[in-house]
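Subject: Structure handover

Hello,

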Amino acid sequence: MLENVPLVKPVIRVTSLLTWHECKYKYYLSSQGWRLKPGDGSGLSPQVSGSAVHFGIEAGLLNTSGRNKLSVAIEAADAYIARLGAGRYSQGVHTAIQGVPPEIWETHNPQAEQRVSVEYDKFILTGKPDLWTYEPDAIVITDFKSTSKDEGSRLEKLQLFNMQVRYYGVLLTAWLISKGHEPPPVYTRHIVLSTRGKHVYGVPQLMTNDLFQKSAAMMMLAADDITYSERISFLEANVSPACSWCEFQDICVGHLTGSDTDDIMRERYRKDETAVIG
């Protein structure tokens with residue numbers, strides 16, 4: 001009998017691993033299903049715009065109607081923004097989506113936001129890369145990021161420090177092995193789409209064996225920590241100026257100022273009971 005193995009294996013998303021790295025308290029609130037109420041963005045325009053851009057690109061890539069994929073992407077993004085009551089971001093979102101290179105829309109058999117899951121001894125890891133292609137000689141994972149800041153600097157930082165695409169590389173490799181395939185080398189690519197129109201396009205970069213092994217070890221360590229984590233309190237929050245960009249900032253402000261956080265959560269947040277833990 002295996003010891004210390006959960007009776008029910010938790011399902012852990014790759015994005016949750018990144019949230020765990022960022023702030024355990026943020027992870028806990030998100031995993032419990034807490035979300036900002038529609039229209040209560042607390043100044044989080046980057047998150048609203050970024051989500052709309054991703055939603056639109058996904059719709060465009062997966063469109064099989066024969067319609068122009070760019071047009072479909074913009075229409076889908078508009079619908080997403082309208083649902084949030086955030087029409088003021090429309091123009092910037094349009095500008096960002098229009099920056100997607102034409103060859104991306106022409107990708108043959110794109111795997112866009114397609115969920116991949118792999119079962120391990122203690123947990124199930126799952127994720128949905130923005131876009132990936134699989135050929136006998138290479139897996140290429142493309143990650144889209146939107147910004148209104150210094151796009152060139154953003155690309156450099158992503159290429160150095162973005163573990164999300166590397167975790168996807170490890171996950172996709174394990175998934176292919178589970179299907180009986182011999183996985184080819186993994187390449188990661190970042191495309192930074194600016195709401196100002198100053199887009200930056202990275203080239204595919206090879207995940208070396210050393211980087212692959214380190215990424216796999218970091219991913220497994222974080223997933224293991226999440227598996228055995230219990231209720232996490234504000235005392236474990238990673239408080240920093242970056243909190244000003246977090247959707248849960250109002251709750252943490254309440255903790256820091258002695259306000260009633262229960263009232264804040266009732267007034268500004270809703271609980272999504274369908275949220276997947278992890």
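Predicted model: local features only at pLDDT ≥ 70, side-chain atom pairs only at ≥ 80, totals over all residues.

Aromatic rings

There are six aromatic pairs in the structure. One of them joins Y120 and F123, whose ring centres are 5.7 Å apart with 45 degrees between the planes, a tilted arrangement. Y120 is partly exposed at 21% relative accessibility, whereas F123 has a relative accessible area of 5% and is buried.

Another pair brings F248 and Y269 together. Their planes lie at 25 degrees and their centres 6.0 Å apart, so this pair is stacked. F248 belongs to the loop between α9 (209–227) and α10 (249–257), and Y269 to strand β10 (residues 269–271), so the contact ties together parts that are 21 residues apart in sequence. F248 is buried, at 1% relative accessibility. Y269 is buried as well, at 3%.

One ring also has a charge over it: the charged end of R83 sits over the ring of F55, 5.7 Å from the ring centre.

Salt bridges

Side chains of opposite charge can pair when their charged atoms come close. The structure has eight salt bridges, and three of them are described here.

D143 and K145 meet through their side chains, with 3.3 Å from N to O. Which side of the buried limit do these residues fall on? D143 is buried because its relative accessibility is 2%, and buried means under 20%. K145, at 16%, also counts as buried.

D210 and K214 form a salt bridge in which the closest N and O atoms are 3.1 Å apart. Both residues lie in helix α9, four residues apart, which is about one turn of the helix. D210 is partly exposed, with a relative accessible area of 46%, and K214 is partly exposed too, with 49%.

D250 pairs with R268, the closest N and O atoms being 3.5 Å apart.

Regards

Terms used:
Residues numbered from 1 in each chain as written. Heavy atoms only, no water. Phe/Tyr/Trp six-rings, centres within 6.5 Å; stacked < 30°, edge-to-face > 60°. Buried < 20%, exposed > 50% of the residue type's maximum accessible area, 1.4 Å probe, protein only. Helix = DSSP H or I, 4+ residues; strand = E, 2+ residues; numbered from the N terminus. Lys NZ or Arg CZ within 6 Å of the ring centre and 35° of its normal. Salt bridge = Lys/Arg side-chain N within 4 Å of Asp/Glu carboxyl O.
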